[in-house]
Amino acid sequence: MYGTPPIDAPRHDSLAGDRAPTPLFGDDTQSFVQQMRLAAQAHRAGRLDEAIGSYLRLLAVQPHHAELHNNLGVALRLAGKLDASVCHHRLSLAVEPDNPALHSNLGNALRAANRLDEAATHHFRSISLNRTYAEGFFNLALCLRDLGRVEESIGCFTRALALEPDNPRVKAEHAIALLMRGEMEAGFAAYEVRKQLADWPRPDFSKPAWLGGPIGGRRILLYPEQGLSDVLLFVRFARELKRRGAIVIVLCQALLRDLLAGIDYIDEVVAEGELLPEFDVHASLVSLPHLCHVDFEAVPGEPAYLQAPAASRIKLGHVERSKLRVGAYWAAMPGQAQDRRRSAPFSEIMALAGDPELLMFSLQGGAAQKEIEQLGAGGLVHDVGRGIFDFAEAATALAQLDLLISIDAPIAHLAAAMGIRTWVLLPQAADWRWRLRSRSGSWHRTARLFIQPRAGDWAAVFASVRRELATLKQGARGS
């Protein structure tokens, strides 16, 4: 079961008296196999602590069992214990060095640990050992996509689909690679297959989905499928639905409610958890580019489509010598492996702040706010983020800035959607939600993308930022 996740074998109480308990299985081998099966069941059910505990007990019986080390490595990876996961996968390979599935699973653990070059090496080894191993080609494709090697990634997805043409997971990840390559029409059309995935968040609506037909006079409910960034990016297409005569209702996260409530092309805004109004059809916001047959050539030139509330909730100060008020956001919220790749060092932001012509404001949320105090930067970067509790407040702060410098985060999408000059700091494998048609082209006319030339090379990104800041300051002096 190398490719299958796997715990506790049931404990049988001793019988009364001195008699030995009657064994449930005929011999030790049968017992081991059955306990492996039970551990695998717990693993597949998501009871990771239970599975890990069982695997460790079984290791005491068979310390050189390749499948056992492999399954334990998979469970540890899913539990976020990446260093231990990598070690157990290496121990499994020490027993069976030519097993393609074991190489692929080690590659997955290394990818989760952001050791992408090592991961790619093992994924390549996997498919060289078995040229018909569809899962190996799929895992290699994911790794190459993370490395920014999109063309090679698409080739591997294509090979995986040739071997497993009906696999929706492969199709969905292939669609993302197409979007990263700038094939927007084909990519969004192909990405609709995500709705076949078992973990896709299916809306519990009694009314039918809108499939792109006439919409005039109908009440359409647009709902958030993924994260905040997707709402901020794709709500622009509600304007097209309004133009076609629809009555537009937007269901959104509570943090976005007040921001969207002031938008003139939205008729009603409902926060998640509130009672839904009557509607005729529904659609995911992520599906709108496909359903509306968007002209992607025209998208970058479109005007701003979000705005701050009329009443300013946050006031940013002035310093006499400063020429530019600059906002900063540098750390993603902790979560998936790609969130670590998206985060930039605060030390680079702090270095920008040592300039009398710049007045720096932090809009950072979460635990990373503490870095300002920890590094003694309270007099360099003014912490506004602690006073921001929703996106309407964030918008009032952004409206007072000359520039936002941000990693890939919802606040960057908000600033760009408001028409504010936004410099977006991106990893080498930049998310498709920023790049449109080309390496540098963006969904927003006021957004400028600064992309790592090599994985993890933030120094090069900030060197480019400093050069552009010098030009921007020169323009501010002359105005």
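**View 1. Helix 7 and helix 9 pass each other in a left-handed crossing.** A crossing is called left-handed if the near helix is turned anticlockwise from the far one by less than a right angle, and right-handed if clockwise. The structure shown is a predicted model, in which local features need pLDDT of at least 70 and side-chain atom pairs count only at pLDDT 80 or more, whereas totals for chains, interfaces and linings use all residues. Residues are numbered from 1 along each chain as its sequence is written, and side-chain values use heavy atoms, with hydrogens and water left out. Helices (H or I, at least four residues) and strands (E, at least two) are DSSP runs, numbered from the N terminus. Helix 7 (residues 134-146) packs with helix 9 (residues 168-180) at an angle of about 25°, the axes lying 11 Å apart; axes are lines fitted to C-alpha atoms, for helices over the stretch in contact, and angles run from 0 to 180 degrees between N-to-C directions. This makes helix 7 roughly parallel to helix 9, where angles under 35 degrees count as roughly parallel, over 145 as roughly antiparallel, 65 to 115 as roughly perpendicular and the rest as oblique. Phe 138, Leu 142 and Arg 145 of helix 7 make the contact with Arg 169, Val 170, Glu 173, Ile 176, Ala 177 and Met 180 of helix 9, contact meaning heavy atoms within 4.5 Å. By class, these residues are six nonpolar, no polar and three charged (Ala, Val, Leu, Ile, Met, Phe, Trp, Tyr, Cys and Pro count as nonpolar, Asp, Glu, Lys and Arg as charged, and the others, Gly among them, as polar).

**View 2. Helix 7 also meets helix 8 (residues 150-163), their axes coming within 8 Å and crossing at roughly 160°.** Helix 7 and helix 8 are therefore roughly antiparallel to each other, and helix 7 passes helix 8 in a left-handed crossing. On the side of helix 7 the residues involved include Phe 137, Phe 138, Leu 142 and Arg 145, and on the side of helix 8 they include Glu 152, Cys 156, Phe 157, Arg 159 and Leu 163. The residues of this contact divide into 11 nonpolar, one polar and three charged.

**View 3. Helix 5 (residues 100-112) packs with helix 6 (residues 116-129) at about 165°, with an axis separation of 8 Å.** The two helices, helix 5 and helix 6, are therefore roughly antiparallel, and their crossing is left-handed. Among the residues that meet here are Pro 100, His 103 and Arg 111 in helix 5, and Glu 118, His 122, His 123 and Arg 125 in helix 6. The contact of helix 5 with helix 6 has six nonpolar, seven polar and three charged residues.

**View 4. Four strands form an open sheet in the order 3-2-1-4, with parallel pairing.** Two strands pair if DSSP finds at least two bridges between them. Strand 3 (268-271) and strand 4 (281-284) are the edge strands, each pairing on one side only, and the twist from one strand to the next averages 25°. Strand 1 (residues 219-223) pairs with strand 2 (residues 247-252) in the parallel sense over four bridges, and Ile 220 stands opposite Val 248 of strand 2.

**View 5. Six strands form an open sheet in the order 7-6-5-8-9-10, again with parallel pairing.** Strand 7 (381-383) and strand 10 (447-451) stand at the edges with a single partner strand each, so one side of each has no neighbour in the sheet. Neighbouring strands are turned by 25° against each other on average, direction ignored. Strand 5 (residues 324-329) and strand 8 (residues 403-407) run parallel and are joined by four bridges, and Tyr 329 has Ser 406 of strand 8 as its bridge partner. Helix 16 (residues 346-353) packs on this sheet, where it touches strand 5, strand 6 (358-362), strand 7 and strand 8, and its direction makes about 150° with that of strand 6.
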